[in-house]
Amino acid sequence: MARHSEEDAGMAKAPPAARQRKKKPKENKTRTVHANILHDCAKGDENPNRHYANNKIKTTKYTVLSFLPKNLFEQFHRFANVYFVFIALLNFVPVVNAFQPELALAPVVFILSVTAIKDLWEDYRRHRSDKEINHMDCLVYSRAERRYVEKYWKEVRVGDFIRLRCNEILPADVLLLSSSDPDRLCHIETATLDGETNLKQRQVVRSFYDLDCEFDPLKYNSIIECEKPNNDLNRFRGYIIHRSGRRDALYKENLLLRGCTIRNTEEAVGIVIYAGHETKAMLNNNGPRYKRSKLERQMNVDVFWCVIILLVMCLFAAVGHGLWMFQYGDNRPVFDVLSPEGTNLSPIMSAIYLFLTMIIVFQVLIPISLFVSIEIVKICQVYFIHQDMDLYDEETDSHLQCRALNITEDLGQMQYIFSDKTGTLTENKMVFRRCTVAGVEYSHDANARRLAMYQEMDSEEEESMSHGGTLPRRDSVTSHQSARVVLRSQSTKSHRRTGSRAEAKRANITPDPKLLDKVNDCSSQMDFMRFHSQPMSQLPSDLSDIIDFFIALTICNTVVVSSPNQPRHKVTLTCSGQKHHLITNRSSNKGCSSLLSSPSAESTLTKLHEEQPSGGLEQAFSPIPPSYDGKTSWNLDEGELRYEAESPDEAALVYAARAYKCSLVGRLPDQVIVELPHLGKLSFELLHTLGFDSTRKRMSVVVRHPLTDQITVYTKGADSVIMDLIKPPDTGKRQKKIVCRTQHYLNLYAADGLRTLCIAKKILSKEEYACWLQRHLAAETAIQGREELLFESALQLETNLHLLGATGIEDRLQDGVPETIASLRKAGLQIWVLTGDKQETAVNIAYACKLLDPEEELLTLNAKFLCSPSGPTTKSFNTNFSPFDIYSSSSPSSQSTPFLVHRLGLVIDGRTLAYALDKSLEDKFLAVARSCRSVLCCRSTPLQKSMVVKLVRNKLKVMTLAIGDGANDVSMIQVADVGVGISGQEGMQAVMASDFALPRFRYLQKLLLVHGHWCYSRLANMILYFFYKNAMFVALIFWYQFYCGFSGSAMIDQWYLIFFNLMFSAFPQLITGTLDKDVSAETLQQLPQLYVNGQNSEEYKPYMFWMNMIDAFYQSLVCFFIPYFAYADSDVDLFTWGTPITTLALFTILLHLGTETKTWTWMNWMSIAFSIALFFTVALCYNASCPACYSPSNPYWTMQRLLQEPLFYLLCFITPIAALLPRFFYRACQGTLFPSPVQLGRQLDKLPADIRRNILSLSRVKVGSPLCPKLPFLSLAKASPKGYYKKDGRSQVVVLALCTFSSSCWIGKHRGPFLAVLLHSKFF
Amino acid sequence: MVKQESESANRPDNTAFTQQRLPAWQPILSAGIVIPGFVLIGLAFIGIGVALLVTSRSIQVLELDYTGDSNGSPCSSCSQSDIANCKCSLNFTLTTLFQGPVFFYYGLSNYFQNYRRYGASKDDNQLYGDLSSFTSPSSSCSPYNYDSSKKPIVPCGSIANSMFNDTFTLTRTVSGTTNNVTLDGKGIAWWTDYNIKYRNPSVTPLKNAFNGTVKPINWAKPAYELDASDRSNNGFVNQDFLVWMRRAALPNFRKLYRRIDASGDYQKGLPAGNYTIDITYNYPVRAFNGAKKIVFSNVSWMGGSNEFLGIAYLVIGSLCVVMSVVMLIVYAKFKFPDEE
């Protein structure tokens, strides 16, 4: 703490020079970090890092002092609060006051304080967790003591050296300077940041690479220049300037991010670059999302109407009062009260004053407690959704999370669902199914059979697994806990568990015997050749292709190897001899493992030249001697190795390769160790890794082949891109044939719904490589536009590839997906699938999950060529779309045509989508899409996904839901009205961006059909009831104005008037709003048609507000005039007459709620009983408490007296019934004569189970058949398209022949958005 | 088991409440329930209605207007002059016995005691006998808290100031001789008003408490001299004052003036005969088109005469029955699924 004050003081008296220096980096958009120890002992104000945020985090909104003003200020952002405070203050003006001013303040103060207490509590919890985090320990180097000392996190400052031990959590963003790992690596787990469970390698800054001895902070004297703090987790750029003047570039591989956990590394030392709120983790931590639901928007309109009604009523009363005053003229009646000054007010002045008074008296019309009540109800709804057992996934021990608390009712009003495919509809647990190598297909039938068996056993197995399965857990419970604290996100251990199960399945691949033979054959030949020093090029090309294929599968990835016993521990080498080799290797060079970078700069070049002459065969595999002797230093059984991959495809491929004995046994930054049959362990020198990105759709590794010593590029990627990059086929007939065949098999795979990947290789000559490397290095060292340059560089490398083969990976559909889609569609939801996958795969998955129907006409929009969206394009698009104009207008004539109607399915690919989303065509596109039953967008980029959602949302004015699991769905999730994330395999980014997070797709059914429906109907009914209740109550006073000279007098005691809403009538509606079920969950799920209710906003239509208002006015008339006539011409006094009216109104209001309540649990009974009891208790106490208080009403002993009168009871009996008779009658008639679907569903609920089942099964068979006049809702075929495409033929393919434009140019033109997308995307 | 629990820490509680499966009654407004319900309610209401109507019919009411706005009426001279204590008298004849107990009301119409500012114009503490409020009445009484010479008015405020001040005596003429009908003025105000809510300051004699104050402008006598005949009926605990202070709910109201003392000839009520009411006419009502009347009424268990409630019960009751018949027709025409 002392340090803080010192720092603060330093800040205060910073000399002008320092200020300038501070300004300068701002202009440069960089941050300069010096080591603190150089300045530590010096005066604090000399420290150049003092301007950077310290590591103390404060996520609280308020301090003790600022709480009240700040909180009030925030609350007054809500217009209603301002309004109520205004009214309360109006009461302090003597001329217009209606109530006791203090009393009038009560409700507003109550509401404000309830909210304030809620805010305070939340803030306190934040404060506590902040404190916990701030007081975590870490080791910081102290110059005074010349060692690392324990300090609190909050004391860490930019420029400090900190030492991290295994399983510790990083307190700040740290530049890695030293690691105990022999490879100068540090592994971190970023699950708390992005949810990815695999370990990431981070690397010591290259200048500190060679230190063999321990890193000594005292010797550090470099300066770091880096970016300003930003929230991009995947970017870090900067350079370190050594005293010698040498500059070394810094990458994100050098930066350890706050919140990550150190794994596998005993000790690491780093310097703090960003601290506290400037860390990337904190900058990414944006608060909860606030959305306003459709229902609330609608409600606000009606609140506005209430204001108008209020003003009209006040105006009416004011005019009435003016006239009333006017009729007496100058002749003041004896009961008139002169103004305090003793003068007469003119009628006009009185009218004006009265207008204000009336606003106060009628304030109840604007329901002050509505907003609070809605919030309470929503919190309860969220609680119930959380608690639903059906939305709980046993396997992953996760349940639904509501991240947005205020849009639950939107779930009941969805019209369009946009779904991702991979990981959302499918499991995203990849299983290797088939492959083709060198044009020969290996179908892996045995494997397929085994998998089929697995699926059958799956359910039982899952049961047993979830009960008995003890899986290795990490030893560090504490760190895990604190990790949770740091980011306050849900634990991710669940994924790990499922992951491990899936991996267990994947690991066992039954190899295709033919292929296995060939692999064996090939490797034995190679072994033989190596033994006899023959050049490898003599190998038959099909065999070499096979071995290359498997090598590519094994090394062309970013998989990390770990052993299952210590799942978080990388496999390490134990032999000292090898270590030596490795060190030499390392010191000579390279190595980072991902995204388009190899920081090895000049040395790579030099090495290239150095090693050129000595690149002999023996030397190539000298690093690891062949393990003939059997004494392997890899003391782990390879079968137990586990692979942790960033994308499940990669892992699937590596496991597949292992089945063929080509296993990945170790991965270091600069080499990959592979074990091949007969050949033993080979070490591939890893020269470059060009990581995967969604634009290139491929990844490549550049390695030096240990057997041939050739520089080889292995590329793996989407078939569409790889096929274009294959060497022109004129070079060889064989290659041509391979390409042709492979394409054939690829189509087959896609037709089977497999995910396809192409594997290719390319051999670079030394010259070519040197040439490329030169440019690549230039690109790497560029600070501005580095990504673009690297991208270009990668494009240059990945050309003229030699096709090796292709793989087909199966992505199993999640359980219950077809059923869910079918029932969601029955519910009138339009489902669009937006996927990045290729068209054939997507179409097949769509068929598999019943999104597309075989009977449907398939309308495929494929742009063959690309061009700028103008001129001929538009024209041709127009002409092609013109036939659809007919249907889009949805003319009734089209339905009466005798033609056989076909359902339409639309398939559109990413390129075409780019046109369709163009301004000039989007309307046409939508028209076509609307007339289709299902829409499938393939090959779409994340940006396109979000554009489609936005287009539909804005143009069609519909409620949209986007569901996805991966980072590429984030933008779509954010754009949609409701974003749903699947907390699946692909990390937490989608979940973080979502409003609701589901463990499984099939839970969407219950979430929407049941919870959405309930939430919507509950809230809609509650809001309507609220309006009714207040209008009814206020109207009572309004009628009274006709009998009191419009003087603003109220027969209802001010206490009742003010507390009626807050206390007497508050609880039952909350209970009903939370618990009421119009139809049971089972029926809602069996009859998805009932969902249409919410889609069409049938519970709360605009006219319903007015119907409720009319009903409210009618009821208040009854409640007013029955007592009026009953007491007419009697000696009743004001409050003895007004109190029964209040009581009657309460009874009527509660009974009204009763008629609207569909299910009565004991809580409903209790709440109503409680309300009535509370009213009488309060009334009796209030009327007995103080004889001379509560001016002006002074209702002493009124209630007590009333309770002795039979007339009171007679009134209580008749009035509510008379008031509710019309509504009751209407409801009864409606239930009998023209029941709504929901009412029928409710009637169905009441039937005995077996009859109900019969009816439901009938309904399923004969939807819309004339069988059901009794159940008319069964014919609600709402989802049917507006128009039909009537043309024969199975599948109508509209090919848009558009003008030519080279694809690369197109990409070049649109690179901006693509790069933005690139950073978010992963393996498609 | 323990392991299983720790494995599924996030598993929701499987209780009826959290799973929203609380046992519930689900009423459905189908004809099967509604028709019998309506018939039952209708019949019950009709029964109550008949009883109420019979009771109400048995109540005798006699209303006599004495505003005097038409020239022929007895009090027209008084109503047109501003003379204080103008006398006029009203004759009426009872042909049958007016069943006791008989209540004697005065009634005002078009008189807005419920006017908002009027209602607030009083000082509860003063009326509770708080002496400090005697010297400085609450501003809520304004402008009736101080007179022109800045002396505090007690009781202050518009309600007190506008107190009804006509007085009545009832005489019966039996065979030429006139004898007074004894009117009982005790207990006409609420018991709680007389004993708890309103208090005289505990100063004896009461007059001293009012030193330094003035009577309300419209009053003829100060508060401590309201009832010369009964010393305990003075100050704020005067029955007439209390009745007046209890503001009427509606612009047409009656207030209890006296009861016919049930003694002697009047044990059973007012016997048939000729009666005269002598009125001291003070209270001006013609300025606001008001009217004054005298009402004699007896009461039943449900209060004064009021046929409305009985009729209302009958109407609602028969409505219910009619509705149930309508529903029955509907039911006969459209059978609905759950009846199969």
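Visitor: How many bridges join strand β32 of chain A to β33(A), and do they run parallel or antiparallel?
Guide: Strand β32 (residues 904–909) of chain A is joined to β33(A) by five bridges, and the two run parallel. Strands here are DSSP runs of E with at least two residues, helices are runs of H or I with at least four, and both are numbered from the N terminus; two strands pair if DSSP finds at least two bridges between them. Please keep in mind that this is a predicted model, in which local features need pLDDT of at least 70 and side-chain atom pairs count only at pLDDT 80 or more, while totals for chains, interfaces and linings use all residues. Residues are numbered from 1 along each chain as its sequence is written, chains are lettered from A and ligands numbered from 1 in the order in which they are written, and side-chain values use heavy atoms, with hydrogens and water left out.

Visitor: Which residue is the bridge partner of V907(A) in β33(A)?
Guide: V907(A) has L936(A) as its bridge partner there. β33(A) also pairs with strand β30 (residues 830–834) of chain A, in the parallel sense and over three bridges, and in that pairing W832(A) stands opposite V935(A).

Visitor: Why is β33(A) said to be largely enclosed?
Guide: Five of the five residues of β33 (residues 934–938) of chain A are buried, so the strand is largely enclosed by the rest of the structure. Buried means under 20% relative accessible area, exposed means over 50% and partly exposed lies in between, with a 1.4 Å probe and protein chains only. Both faces are covered, with S934(A), L936(A) and C938(A) buried on one side and V935(A) and C937(A) buried on the other.

Visitor: And chain A as a whole, what percentage of its residues is buried?
Guide: Buried residues make up 62% of the 1324 residues in chain A, and the chain has 47 helices and 37 strands. One of the helices, α16 (residues 541–555) of chain A, has 15 residues and reaches 20 Å from its first C-alpha to its last, close to the 21 Å expected at 1.5 Å a residue; the expected span is 1.5 Å times one less than the number of residues. Of the 15 residues of α16(A), 13 are buried, so this helix is largely enclosed by the rest of the structure.

Visitor: Changing topic, how many aromatic pairs are there over all chains?
Guide: The structure holds 94 of them over all chains. In W1055(A) and F1059(A) the ring centres are 5.8 Å apart and the planes at 70 degrees, so that pair is edge-to-face. Rings of Phe, Tyr and Trp (its six-membered ring) pair if their centres lie within 6.5 Å, and planes under 30 degrees apart count as stacked, over 60 as edge-to-face and the rest as tilted.

Visitor: Where do W1055(A) and F1059(A) lie?
Guide: Both lie in helix α35 (residues 1054–1064) of chain A, four residues apart, which is about one turn of the helix. W1055(A) is partly exposed, with a relative accessible area of 23%, whereas F1059(A) is buried, with 16%. Another aromatic pair, Y1056(A) and F1175(A), is tilted, at 5.5 Å centre to centre and 55 degrees between the planes. Y1056(A) lies in α35 of chain A and F1175(A) in helix α41 (residues 1162–1185) of chain A, so the pair ties together parts that are 119 residues apart in sequence.

Visitor: Now chain B: what is the strand order in its open sheet of four strands?
Guide: The order is β2-β10-β5-β6 (chain B), with antiparallel pairing. The edge strands, each pairing on one side only, are β2 (86–94) and β6 (177–180) of chain B. Within the sheet, seven bridges join β5 (residues 167–174) of chain B to β10 (residues 273–281) of chain B, and the bridge partner of F168(B) in β10(B) is I279(B).

Visitor: How many residues of strand β4 of chain B are buried?
Guide: Seven of the eight residues of β4 (residues 102–109) of chain B are buried, so to speak mostly covered. Eight bridges join β4(B) to strand β11 (residues 291–298) of chain B, running antiparallel, and Y106(B) stands opposite I294(B) in β11(B).
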